[in-house]
Amino acid sequence: MVIPLEINPLIGFSTLLFGASMADAEKVFGKTEEVQLLENIEEFQTTVWHYWESGFTLFFCEKNNQLFNCVEIDNFEAQLWGQKIFDLKEKQIIEFFKSKGIRQYETEQHDWGEKRLSFDEVNIDFYFEKNKLIS
């Protein structure tokens, strides 16, 4: 069974809603391929479920009772508001967000080479490497 990878800002990822339990996540996506524990992230432990084959990672924060609170996606088939987001360049993403009424954004060039484009209003960060969206 292939689940469409749809980003739903402030709502969730595919049919998994932000605030869902780990059990809910397993029902939607199946068993994770790898579990990782991150410590000292804002003084809390975060459980990370990697779905390497499918190109995404789910985050469950101890602060929020181990509920789903973040997703990292590097699957080029992922969609945002029905648009394959990885097909767009940075300026196109900015215009796409403007068409949705979201005009405020910020960018930052990181020392390690990635550029971050953030839309805080909907808690989304895009990472570019050599002008190509990678995450």
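How many bridges join strand β8 to β9, and do these strands run parallel or antiparallel? The legends below begin with this pair of strands and refer to a predicted model.

**Figure 1. Pairing of strand β8 with β9.** Strand β8, which covers residues 79-80, is joined to β9 by 2 bridges. The two strands run antiparallel. Within this pair, Leu80 stands opposite Gln83 of β9. Strands of a sheet pair through backbone hydrogen bonds, in either a parallel or an antiparallel manner.

**Figure 2. The open sheet and its edge strands.** The sheet is built from 5 strands, arranged in the order β3-β2-β1-β8-β9. Its pairing is mixed, and the sheet is open. At the edges lie β3 (16-17) and β9 (83-84), each of which pairs on one side only. The β8 strand shown in Figure 1 therefore stands between β1 and β9 in the strand order, where two strands count as paired if at least two bridges are found between them.

**Figure 3. Salt bridge between Lys31 and Glu26.** The closest N and O atoms of Lys31 and Glu26 are 3.0 Å apart. Lys31 is exposed, its relative accessible area being 66%. Glu26, by contrast, is partly exposed at 32% relative accessibility. Side chains of opposite charge can pair when their charged atoms come close.

**Figure 4. Salt bridge between Lys84 and Glu77.** Lys84 belongs to the range given for edge strand β9 (83-84). A salt bridge links Lys84 to Glu77, with 3.1 Å between the closest N and O atoms. Lys84 has a relative accessible area of 27% and is partly exposed, whereas Glu77 counts as exposed at 51%. The value for Glu77 is classed as exposed because the cut-off for that class is over 50%.

**Figure 5. Salt bridge between Lys98 and Glu95 in helix α2.** The closest N and O atoms of this pair are 3.6 Å apart. Both residues belong to helix α2, which spans residues 90-99. Lys98 and Glu95 are 3 residues apart in the helix, so about one helical turn separates them. Lys98 is partly exposed, with a relative accessible area of 29%. Glu95 is likewise partly exposed, at 47%.

**Figure 6. A salt-bridge network of Glu106, Glu108 and Arg116.**

Note on methods:
Residues numbered from 1 in each chain as written. Predicted model: local features only at pLDDT ≥ 70, side-chain atom pairs only at ≥ 80, totals over all residues. Heavy atoms only, no water. Helix = DSSP H or I, 4+ residues; strand = E, 2+ residues; numbered from the N terminus. Salt bridge = Lys/Arg side-chain N within 4 Å of Asp/Glu carboxyl O. Buried < 20%, exposed > 50% of the residue type's maximum accessible area, 1.4 Å probe, protein only.
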